[in-house]
Every structure is written in C-alpha cells, then in structure tokens.
Amino acid sequence: MDVGTVLHVMRDPAGIPSHPVVFQVLMIVTWIFHIAFVLMTLGTAALAIAAFYKRAPGTYWEQLSMAMTKSAKVGVSLLIVLGVAPLLFTQVIYDPQWYTASVLSARWLIAFIFTLIIGYCSWFVFYYSNHEGAKKRLGIFALIGLGLFLLDGLIMHVLAYQSLLPDQWMNWYAPEGVLDTRGAKLHAIQWPRYLFIISLSLPALGLYLLAYADYFRNRPDRAPEYLRFVRRLGQQLAVWGLVISFVLLLIWQFAHPTSTKLAEHPVGWLIGASLLALAWWIRRRGMLVHGYLPVLAGLGVLSILAIWRELIRIRYMLPFGYDITDYTVHADWPSMFLFFSTFIGVGGLVGGFFLITIYKAGQVEGLYTADRKVARLGTAAVAVLGVWITIFFAYGITIWMRNAFTL
Amino acid sequence: MDIIGFYPTFYMPWIGSAWVMGIIGVIHVVASHTSVGASFLFALLATKAYRENKPELMDFIKRYGKFLLVFSYIIGSVTGVGIWYAITIASPRGTAGLIHSFVWVWAAEWVYFTVEVIGVYALVYLIGKVDRLTHLKLTWAFALASWATMLLIVGIISFMMWPGSDAWYQTGSTNDAFYNINFFAHLGVRTGSMLVMAAIVGLMVVAGMKDKPEALRKSVVRTITPMGLIGGAIAVIMFFYYLQTLPHNALVMLDAHLLPRYSWGMIAVVTVTAIYLVFAWWRPLWVTTWVAVPLFLFIAIVGVWPEERMRESMRKPYVAGQYIYGNQVISRDVPGKGIQGEVDVIAEKGLLKLHPFIPERLRTITPENQIEVGRILTKISCANCHALEPGAPLRNIPDKFYGSTDKDLISAFINGPLKHGSITYMPRIDLPPEEVEAIAAFLAEANVRRAAGLPPSTVSANADAQQE
C-alpha cells in the first residue's frame, strides 16, 4: 500500500477542532519550555554529581552541589508537566506518526514510565541525603537518577525519530513478512541528533548559573565570593558547552539524508551561528551582563531549534504528501475559548501569583511579607478560580439539562 | 473505503495491554485523588490555623506536603502520563478519537497541571517564609486549581463511557460530549472519594508525627476524619446515582460479571473505611503507623482496583463514546464529525484487505498460512480485551470456548452472536467466511495443543514465541 495514502487514512476521522497551524504553533512554543527544563535539569543534575564528588572543606562545591540537587529536583517536576503540552499538540496534527512510533516500541514506552519514576525517586533519595558531610557512596543514587533520565531522553528521541520514517514502519513491524507485535525494540536512533540536544544541557547549565548568581545577589546569606565562583563557572561551562554543541550540530547537519536537502537549509545554520554568537558574547561579557539576559538569549536559540525540528519533520513528510494544512477541520469555538481563557486567566493570574511569590520570597532571608501588588494578585488568583468554577458549572448544567430533556 | 486507518497491534502475552493500563491507572488514581483531596484538607487546616491562630497546624501541612511531593507529584504525575501512553499503545484509534474531540479541554487541564505543580512547591516550601495571609491565599488557589484538574478530566472519562444522548453524534460539539449524562454523577463519586483518600493518607502522615505534641495530632485527626466521612457519604450516594446514568451494555456487564465478583469487596471497603474514620476520631492517638499503613493499602488496593477495573469493563465493547470498539473498529456513523462506521465494509471486504499493516504474503489465506493468519486476525479483533494463550488470566479466548477443538463450533459463535452483535458487551464482529475460518482454526489448534500438553506451535505463535 502507498505510504502517503496510508498516512492520510490513519488520521483521526473526527478531524481537528481548530486550524492545524494553531496547533503547530502551540506545539513549537510549548516544546521550547519543555526542552529548556529538560536541559536545565540534566545540566544541574550533572553538576550536582560532579560537585558532590569534588567537594572538599573550604571550597564552594558542597554548597553548589546541594543547590544544584534542589534545582534538578524541581526541574524534573516541571519538565514532566511542560512535556504534556507539546505531546498533546503533536498527537493532534501528527497522530499517525506518533501513535505508530509508540506502538512499534510499546514496551519501551511503558518502560519510560517506570524508569522515570525510579530515576526521580532515586534523585529524591540523593536530595534528602546530600547535606554537609554526606557519605560519598550516596552519590550512586544521583548517578542512577541521571542515568535513567538520559535513558528516558533516548526513548523519547527514538519515538520522535521513528515518527519521521513511515516507509520503515512495515519493515520493523513485520520483518521478512512475519508480524512482531511485541513492541520490544528501539528501531531507529539518530545519535548526532540525540547527542546534540543532550549536549545543550552544558551551555544551559552555564546560563542557569549566571542567572542563579544574579538572583541571589541581594541575599546576605550567600557570600559574594561564592556567587562570583558560580558566575565564573557558569561562564566557562556556557562557552565550552556552546562550542561542543556547535561541533555536534555540524555532525547532525551532515547526517540528514541528502534527498531532504536539509544540510543546505539556512535555519540549521542559523542555530550554528547563534551558538557561536552566544559563546562569543558570554566569553566577552559573561561576568558583567545581567545574568537573566543570557537565559533569554538561550531561549532564543531553543526557539530556533524548535522551529528547526518542525522544519525537519515537514521535509521528511514531503515525499509522502503529508501536509498538516489539509487536515479536516470541524471548528469547535467553545472549547478553544475554554483553553485560551484558562491559559490567560488561570495561567496568568494564578501561575503568576505562585511564581512571583516564590521569586520574591526566595530573594529575602527570613519572612517575606507580600507587598500590596502581590497581595492583590493573590486575591485575584483565588477570585478568578472561583469565577472559572462557577461558570464551568453554570454552563455545564445548562448543556446537561438541555441534552437530558431531549433524550 | 479501500483502506481503514488501523495501526499496528501491540500485544502483551498473558496479561494483555489492559492490565498494563489497569496497574498504571490504579497507582495514578490513588496518587491523584489523594493529592486533590489533600489540597482541600490543607485549605481547611490553613484556614483554621489562620483564624484560630494555631500556626502549629502548619507543621502537619508541611509534613503531608512533602510526602505528597514524592507520592503524588512524582508517582502521580508520571503515571498520569503513563495512562496516556498505555491507552496509546492499547487503543491508538480510541486515544486519537479522544484527543481530537477534547484537545482544548486537555490543554486547559494542562494549564491547571502546570499551575498545580508550581503551587505545591510554593505551598510546601513557603510555610513560614511568607506572611500567613498570603500563604492562605496560596493554599486556597492550590486547592481550587487541583479540583479543576479533576473537573476537566472527569468529563473526558465520562464520555469514554457514553455521551448519553444523541446530541453529540449529531453536532460533534465538545460541549455535548463533555457534559454528558454520566458527568455529574461521576464527578460526585470522585470528589467524595478524593476526600476519603486524602483523610486516609492524612492519618498515615499523622501517625508518623510522633515527635509532635499530642494536642496537635488530636486536632488534626479531628479535623480530617469528619471530612473523610462526609466525602465517603457523598461518594456512596453519588455511586448509586452513577449507576442510574450508565448505558444498557454497562448494566448488563455489571449484573452478569462485575457485581457478583466485586460487590462484597466494595461493601467491605466502605464498612472498614467508615469504622476506621469513626475510630480515629474517637481515639486519635491510637492511630499508629501499624494501623494506618495497612488500612491505607487495603483501601487503596481493594477499593480502587475493582473500581477502576469495573469502569474499564463496563465500557465494553467500546473504548470511547460508544462509537469506537475496543478492537479499534468504528462501530457507527457520527454525522456531526463526518465519521463513518466500518463494521459493514469490513464484513464485505475483510480485515486482510483493508488493514494497512498486514504483510502482503498473508493477505491471501492458504492452507499453509491459515493458522498464522488466524492468530493475527484474532489479535486484531480480540486481543484488546482477551489473552490468546490457554490458561492466561485476561479472559483468554481458548478457555472461553471451554477448550473446544471443534472449528465448526467456534465458527458458529463468530457467525452467530458476534456477527449480529447480540452480546451487549462484545463488539459486533462480522468477517468474511475465510477470515472466520482462519480464526476458528487458530483457536481450535491452540486447544488441541493444550490438550496434548504441547506448547503453542511455531507456526501459530510465529514471531512471539520465537523471539520471547
């Protein structure tokens, strides 16, 4: 059977509730935040381990190890929850690709869940153990945690890459015409892509440390020498990390199949240029610039990467005639309004209240008393949730009764 | 229709993908219900602490919150994604159907999830770090946001049971799908259950707070146990209402198979829980770890496992909205979405012709490949609910035929009740005669080999047996 025809038929017959480009944009944007936390977590976890083994009396490694352990702990929570959205939007417009890739490696998908739980629990054990004078053997929990996180990253990479190769699916599912329904194999790995993305955790860590040093600038319980040490370390990690990532990007650039002509595409090279430009900037101004600016620049690089991933997918799908813009649309305005109003109202007010309170409280040693703006934001957060729930029920009861009485 | 958009099949020998989903689902339900319920316990306790100037109550919230971080926000959130993955590999078309109807609802729920995860860190780690009024607002915002995640997911899960009216089939509107006939009853059961689960876990946390003053432990227990009892009463009342909102196929399944097996367990769980909560209120200091942990495990396993299994089973033969069968075939037209039923076209052309993931050499049945094809067709048509191995725990088909080796008997069943859809909890499976014969040949052969004490034949077991 023709692969392109099959891909079209495998699309959900219900169609999609809004224009496909809306989902595409959301998929790209939400992936940026997901991957940012993935990289931050891997970077901080790696540094937590390195600093744990490197610490010695009178150095800052111990303090840094504990701080990075906490950062990685929070990072995992956020990367998981932020990963839900791009996965959701991918399934809307690329459902044949995602579901087939998943089924073909089904056991690995399930293994992902359990290894992530074990890895995260292991990291928590390390977090609770990593205090002054902790025994070195406890580092094993951190190594297990980080090792499993990397494995989980590999599984996700494989699923994404298998999604790009629909002409291989039948060979994997029925090698030599014999069906294999076990889903026991990882069929395709593109190492340069995986290693490049993982390598970005090094510069991400560097940028994170620059921001960290600035965030705690006004805290009297963080010694200025410690913050300078962190900042210097961040600068070095960022510069060297960006150079390493650039080399891996070059390898990936030439790993694309010639027929895709991706090696000639300007966006791939734009990533390379932005990595080098960022390295140059951090090397020259890393100790002087406000630490939040490099993080913003890093998010800029990740934005180009997110767009590049999508361009790669579009190019791989081209020979099969798969174009998301011809997906059948059955517009559903009320549910679309539900999302955007929740995103702005709840995400903005409630999420904003939580984040601002955490941010401000973290900058103060001792008790933080909310200023007038934060206090009002808190009241607004509770109020908007009350309004949301009231509308949810009022609207729902109306529809429910209408349908119940027309049974 | 020359091709149907089927996916490859994933088959887990013996337990099937259904049990994989069930195991992950139960862990998730326990963790997530505890989390949502606990958020309201926190809100109540924090209000009490604020109004009565009892900051020591916040110690309990901090301890419970740290426990929740591991239990609910690691295990709960990862298994939440896990359920999604499990249903993806078990029922890719069913999952796609849900995603495409409810993507915006799920996206709204994702906003709440994100807020909730940030909120739990704020709530736990800012105790004593921010002024008390601000913390109280954080606590209430967290509680309401947590409940909102439940409000949103229950509508989708209820739709999986059925829309309850013809409206959604005609309009295709998410409104009609989400606010289905089952929704409010289902929400009531889950809201009540979450309060019970939070109280039960809360007692476990109190039991572990021996370093805290007795007065604090008493005060906490006497606050959370009434909430658990009220939650339990709501859950029980709403459960009886819930039964009134179920479709006919679910009620048949319930009466014929589920209640006879699970009713006594359910009665035992309700009774034990009620006695436990009353006892804890009466003698708060007698709640020790040795009492609290076993009772938590009993209530979580004996209470939640049957509940989740029943809900999954009652939905059969459908996985979503009474229009997608467990075997991924679309059972009926949904004009509002432009969806067409597929049963009749399969009856006319056969799965071998229409399924895109059948190797070319097996599209035509020959005496040499009949058993192999039969095994594939059985997996496609039946393995979402049944194991294929004799003696396997997941409603294995060879045992369902009482070990019969009679191909005609098996064919008669397929050509009779299955073809006409007369068993309410099984899909209508109408196949061309040669495909029916292949399935019958495979199942008869499985029983022949079992009777002879032989392992599955290498032909019929093909890749699975060779590669396992």
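Me: What makes up the contacts in chain B between residues at least 6 apart in sequence?
Reply: Of those contacts (heavy atoms within 4.5 Å), 74% join residues at least 24 apart. Bear in mind that this is a predicted model, where local features need pLDDT of at least 70, side-chain atom pairs count only at pLDDT 80 or more, and totals for chains, interfaces and linings use all residues. Residues are numbered from 1 along each chain as its sequence is written, chains are lettered from A in the order in which they are written, and side-chain values use heavy atoms, with hydrogens and water left out.

Me: How much of chain B is called buried?
Reply: Buried means under 20% relative accessible area with a 1.4 Å probe, protein chains only. In chain B, 65% of the 468 residues are buried.

Me: What makes A:Arg402 and B:Asp176 a salt bridge?
Reply: The label needs a side-chain nitrogen of Lys or Arg within 4 Å of a carboxyl oxygen of Asp or Glu. Here the closest N and O atoms are 2.8 Å apart, so the pair qualifies. The rule finds one salt bridge across the interface of chain A and chain B.

Me: Which residues of chain A touching chain B count as nonpolar, and how many are there?
Reply: Ala, Val, Leu, Ile, Met, Phe, Trp, Tyr, Cys and Pro do; Asp, Glu, Lys and Arg are charged, and the others, Gly among them, polar. That side has 78 nonpolar, 24 polar and nine charged residues.

Methods
Buried means under 20% relative accessible area, exposed over 50%, partly exposed in between (1.4 Å probe, protein chains only).
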